[in-house]
Amino acid sequence: MTDPIEISAPHAALKSSRTLAVSERQAKSALARLKTDRSGIPYVVRFPLLIRVLHAFLLLSVTVLAFTGLAQVLHGNFLGADMLRLLGGLDSAQGVHHTFAILLGIVALFHLLDVFESFFVRRQVPAMAIRLKDLADAFQTLKVDLGISKKIPAHDRFTVEQKVVYFVVALGFLVQGVTGLMRLFPIRVTEFLPGIVVTYAGILHRWDAILIILVVFIWHLYQVHVRDHNLSIFTSRMTIPEMQSVHPLELEYLQKAAASVGSSTWPVKIEMNTTEHAEAQVKTTKPTLPDEPAPASTQDPQE
Amino acid sequence: MTRLFKPSARTILILSAAIILIALLGGSAIQALANGQIPPPAQDEATPSGQTSNQEINPHQAGGCLDCHGNPRLVGKTIDGETISLYIQPGEHLGTFHNRAGVGCTKFCHEAQTVYPHETSTMDSCAGCHWQTTGINQAGDKLVFNLPYSDVRAIAIEVNATCQKCHTDIFETTTDSAHTRIFLEGNRYAPLCSDCHGAHDIQKPDRSGISGICKKCHLAEYSTYKGSVHGSALEANSNPDVPTCANCHGSHLVSGPTTSNFREQTVKICGDCHSNKSIMDKYGISTNVLSTYMDDVHGLIDWFRKTNLENITRATCYDCHGKHNILSPDNPASKVYPENLQSTCQECHKDTNIRFPQTWLSHKRVNLKENPGLTIANTVSWIVVVAAAMLILFLIGLDVRRRLIKRRLLEAQVEPKVEEEKSTDD
């Protein structure tokens, strides 16, 4: 089943121009993502169903893999022994570990298919693609964190921190997959590689797993779910103030693209103004509408 | 009153010494006779020499055990017709720790035989002894007594039960052993106490003689063991450092080698010696074999022990090094000699190729000296992960700090406004 919501934002343009050309399909999609709930509070549909389902399976598989993996790494102390006992012993723990590794592989496969379809069929640059602006944003974020500046960079669909997490974890999963399979099938590997490679793979698998656990369960958990109270990956919705706070560029695009629906000529060119916002605006909890005229909203069919 | 006898000091000393000597000799003789250790000086017409003694000793009356059992011609015959010599060599029992502890023939072991003549042992005719009178038997013929046992083994089984009177703890330990198990399953020839320890000449086993005891039943295993690095050292010079059968299999609680319990214990059995620096240094053997095994893939066995949930399926020491045929890794016939490793691995990993054994670290530690490449990889990985952790914590710390400062500023802005509103209301 195809998700009716197409994620298209400024990143959809192959050029990182300040002026964007929006097609009718993109404009309609943007309009479909701007909704109002039953209480009359406007919100943005941030993630389509496929992404949310994949994230749910990702969360499940990574949690189980981390637990079953740590149980094996920590076998030498009481904690690991208890974890193993909870899992029903070593063979059982390894069985669960391998099963959820396969699940993670399937999640990764679906995600890659989604990215390829987006890039090669819909001709869109993935939102997660790294741009020069990200480097500038990273420096600016650091300056804000250090108290040197108060101007928070305006983030697009993903913040620079989210992108770092994504690529560290994606690369980490690739390493985990390769080294894990090498450990699982050492005889096949040694048919064409020296045996010591399997031992190196074991070391890499272990440390890479710890790195992923740190990045996912500390950094990602803090910056998205604790700091920004952002649960849109589960609920799919993000209020306008929340969008203004964390993803102002995406919000600006959605509102301007949605406003262009009904135009007689396509593509419509929209001008992006937002570059940064002052720190004082961060975490405005009161749901205020933007200065610009509110776009036509549609009721969320899921509610 | 005048004393008739006035002994000098020298006389008193001589007399005292004489009395003490007589008392000691007399006491020892009485004790020895009670234990049946001293053969009777009397000989009747049934003596091996066939000559009648002048002394009046009646063999039909109670005497020392060796009065009769000191006769090499004394033989017992079981119901099945099996015969057993009932002769006890004079002095055979003397050197035993049983004798030193005061355990005699009828004390604890043969209590049923305190009555003489033994009620249950009979002879077919008087001619066995009184050959000169009857003229039936000849001097030197066996003196055959009928025994109330089905066969010779039944005697050993009955006497074996008496060991527990003193050796209760050890006897109870044996009840869980593999030997007792097969005995209870019906094998009457499963080892009893006396099969390993002997009977009348019972001695504490000497470790160099243990394998000789076991080989009585386990000859094939002994033959293999004799050629191993352990067995050959024991055979050559009674090396005190190498394990005998009992070191691995136990003594009274002999565990079956096919049980999961024995498999679990193997690492400890081998590790106890191979982690002992004082022993291993003599032979230039690394004491890291146990720790490196635990850290290596096969050391998953440790996890089993801790989780205590599954049977061990991973390779343990003897799977690679062999059991009774353990050889030095430098010996080309060893299962772990580099050229033989592939076939050894194939015992578990069927399709193993020539490069597969390289996946195993050969008990080498991950340090710069023994495994520089792995050590560098491990250290670099550690540095990267620790640096990443510090960076993450640093960024989170900066963010928390910034937010706390901002909250304080916002609170400072809100408070004057509230006060302002209050004053306006007034």
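In which loop of chain A is Ser236(A) found? In this predicted model, Ser236(A) is placed in the loop that runs between α9 (232–235) and β5 (237–239) of chain A. The backbone of Ser236(A) has a phi near 75°, which is a positive value in a residue other than glycine. Most residues other than glycine have a negative phi, and most peptide bonds are trans. Ser236(A) has 21 C-beta neighbours inside 10 Å and therefore counts as buried, the cut-off being 20 or more.

A positive phi also occurs in chain B, where Ser238(B), likewise a residue other than glycine, has a value near 50°. Ser238(B) belongs to the loop between α12 (229–237) and α13 (245–249) of chain B. Because 13 other C-beta atoms lie within 10 Å of Ser238(B), this residue is partly exposed; a residue is exposed at 12 or fewer and buried at 20 or more.

Chain A also contains a cis peptide bond, which leads from Trp266(A) to Pro267(A) and has an omega near -5°. Pro267(A) is located in the loop between α11 (248–259) and β6 (268–271) of chain A.

The overall make-up of each chain was then examined. Chain A comprises 11 helices and eight strands. Of its 303 residues, 36% are buried. When contacts in chain A between residues at least 6 apart in sequence are considered, 73% join residues at least 24 apart. Chain B, in turn, has 20 helices and four strands. Its 426 residues include 17% that are buried. For chain B, 52% of the contacts between residues at least 6 apart in sequence join residues at least 24 apart.

The two chains touch each other, with 33 residues of chain B in contact with 33 residues of chain A. On the side of chain B that touches chain A, α17 (301–307) and α20 (372–425) of chain B each supply at least two residues. The most is given by α20(B), which contributes 15 residues to this side of chain B. By class, the side of chain B that touches chain A consists of 17 nonpolar, eight polar and eight charged residues. The size of an interface is often given as the accessible area lost when the parts come together; the description here rests instead on residues in contact, 33 from chain B and 33 from chain A.

Methods:
Residues are numbered from 1 along each chain as its sequence is written. Chains are lettered from A and ligands numbered from 1 in the order in which they are written. This is a predicted model: local features need pLDDT of at least 70, side-chain atom pairs count only at pLDDT 80 or more; totals for chains, interfaces and linings use all residues. Two residues are in contact if their C-beta atoms, placed from the backbone, lie within 7 Å. Ala, Val, Leu, Ile, Met, Phe, Trp, Tyr, Cys and Pro count as nonpolar, Asp, Glu, Lys and Arg as charged, and the others, Gly among them, as polar.
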